[in-house]
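This report describes a ligand site, the cavities and pockets around it, and a few backbone features.

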Amino acid sequence: MAVCNQEANFSCKKIFLPTSPIKVGHIDDVQELRKAKPTTIPERFVRDMTERPTLAITLPSLSEIPSINFSSLVNGNKDDCQNEILQLARACEDWGFFQVINHGIDLSLLESIEELAKNFFMLPLEEKQKYPMAPGTVQGYGQAFVFSEDQKLDWCNMFALGIEPHYIRNPKLWPIQPPKFCETVEVYSREVRKLCQNLLKYIAITLGLKADIFEEMFGVAVQAIRMNYYPPCSRPDLVLGLSPHSDGSALTVLQQGKGSSVGLQIFKDNKWVPVQPIPNALVINIGDTLEVLTNGKYKSVEHRAVTHKEKDRLSIVNFYAPSYEIELGPMPELVDENNPCKYRRYTHGEYNKHYVTNKLQGKKTLEFAKIKSKTSTE
Ligand code: OGA
Ligand code: NI
């Protein structure tokens, strides 16, 4: 299998060499590694001491991320709705993460996408490698955000596709196997898009802004889907499923596979807090773009994924962000003498380019937008 992998890498390099001088070295496919059951974890996956997950720390249930009842926001009476808006404001301000229950997306659709994603990852490697993620790019099957031969690798296989606007799609990467994959991704993405648009309306309300502000600002929003498959790992204490990062999006919607191990963790008050899956709920988080637009009132919180000794894990993630030509910067309503402007202006396209050409490294990517004042401690 290692040979196949190298061939595929080699052919990618051949195709992309003129435009992509990035040398990423040999990248083992983690599912194939798992099948081979090596007695030791290859060095490239073994994290430095400071990065290793300390798995023993599980926090009391008090530290669970908040949940928001979407149907109370949309269909609740005035009191319920106002109460839920308050909860949403707290969730955005104190956590940057929440789980949405009663989100209105058909449970059968959640089940279908999960089933198809799993079936895709279970295809033979040769089949998946028909859709390779070229070094330095973020669509297709493989490992994203790898830019050097010595960079540590995540214990994860990814499959990612650009969804909207259509021009970001690479039709060659849309798989023919498993059957119905593409149609289901399309329907699912449309539903998630509506949910993002609705959530952004309520988020605007929590900020005292008019409900349509984001919709009007974003233009034809950019949307991408990424499926992450984390096989079990014999040494979960040494590896990371996904390196710590914040998302570049405005909002991210994450579906955790049923029966998956607990793996997503968010960095809060200097601790990694696990996100306990709630059946049929979707995990929402604030991305860098909303942090900038709200001048840091709502933060894009750093998160990572860890692996499990026996259980695998699947997540399906949708990123929702403004159109690339949209100029971003703190909204004037959120800047005053007590809250001086913390971020400069730039287009979302510039930020996206910066984001996808750097490795995941906590919140470092957002340095791009920060105004560095001498008195600032952040
Ligand atoms: C992501 C992400 C976490 C997970 O894809 O950006 O944070 O649990 N995924 O898969
Ligand atoms: Ni993320």
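How far from an oxygen atom of ligand 1 does a polar side-chain atom of Tyr 230 lie? The distance is 2.6 Å.

## Basis of the values

This is a predicted model, in which local features need pLDDT of at least 70, side-chain atom pairs count only at pLDDT 80 or more, and totals for chains, interfaces and linings use all residues. Residues are numbered from 1 along each chain as its sequence is written, chains are lettered from A and ligands numbered from 1 in the order in which they are written, and side-chain values use heavy atoms, with hydrogens and water left out.

## The shell around ligand 1

The ligand is surrounded by 13 residues, where a residue is near a molecule or strand if one of its heavy atoms lies within 4 Å of it. Arg 226, Tyr 230, His 303, Arg 313 and Ser 315 are the closest. By class, the shell holds 6 nonpolar, 4 polar and 3 charged residues (Ala, Val, Leu, Ile, Met, Phe, Trp, Tyr, Cys and Pro count as nonpolar, Asp, Glu, Lys and Arg as charged, and the others, Gly among them, as polar).

At least two shell residues come from each of strand 5 (222-230), strand 6 (242-245) and strand 12 (313-321). Strand 12 contributes the most, with 4 residues. Helices (H or I, at least four residues) and strands (E, at least two) are DSSP runs, numbered from the N terminus.

## The second largest cavity

Ligand 1 sits in the second largest cavity, meaning that more than half of its atoms lie within 2 Å of the grid points. On a 1 Å grid over the protein atoms alone, a cavity is a set of points where a 1.4 Å probe fits but cannot get out, and a pocket is an open set with protein on both sides within 12 Å along at least five of seven lines; lining residues have an atom within 4 Å of a point. There are 3 cavities of 30 Å³ or more.

The second largest cavity has a volume of about 120 Å³ (grid points are joined across faces, edges and corners, and a volume is the space filled by probe spheres set on the points). Its lining has 17 residues, with Leu 242, Leu 254, Leu 264, His 303 and Val 317 nearest the centre. Strand 12 supplies the largest share of this lining, 4 residues.

## The largest pocket

About 530 Å³ of space lies in the largest pocket. Of its 27 lining residues, Val 138, Ala 224, Tyr 324, Asn 352 and Val 356 lie nearest the centre. Strand 4 (157-164), strand 5, strand 12 and helix 10 (348-356) each give two or more residues to this lining. Helix 10 gives the most, 6 residues. The lining comprises 15 nonpolar, 9 polar and 3 charged residues.

## Backbone features

Most residues other than glycine have a negative phi, and most peptide bonds are trans. The bond from Glu 164 to Pro 165 is cis, with omega near -10 degrees. Gln 177 and Pro 178 are also joined by a cis peptide bond, with omega about -10 degrees. Pro 165 lies in the loop between strand 4 and helix 7 (181-206), and Pro 178 is found in the loop between strand 4 and helix 7.

Asn 102, in the loop between strand 2 (97-101) and helix 5 (107-122), has a positive phi near 50 degrees.

Conventions:
A polar contact is a pair of N or O atoms within 3.5 Å; within protein, one must be able to donate a hydrogen and the other to accept it, and residues adjacent in sequence count only if both atoms are side-chain atoms.
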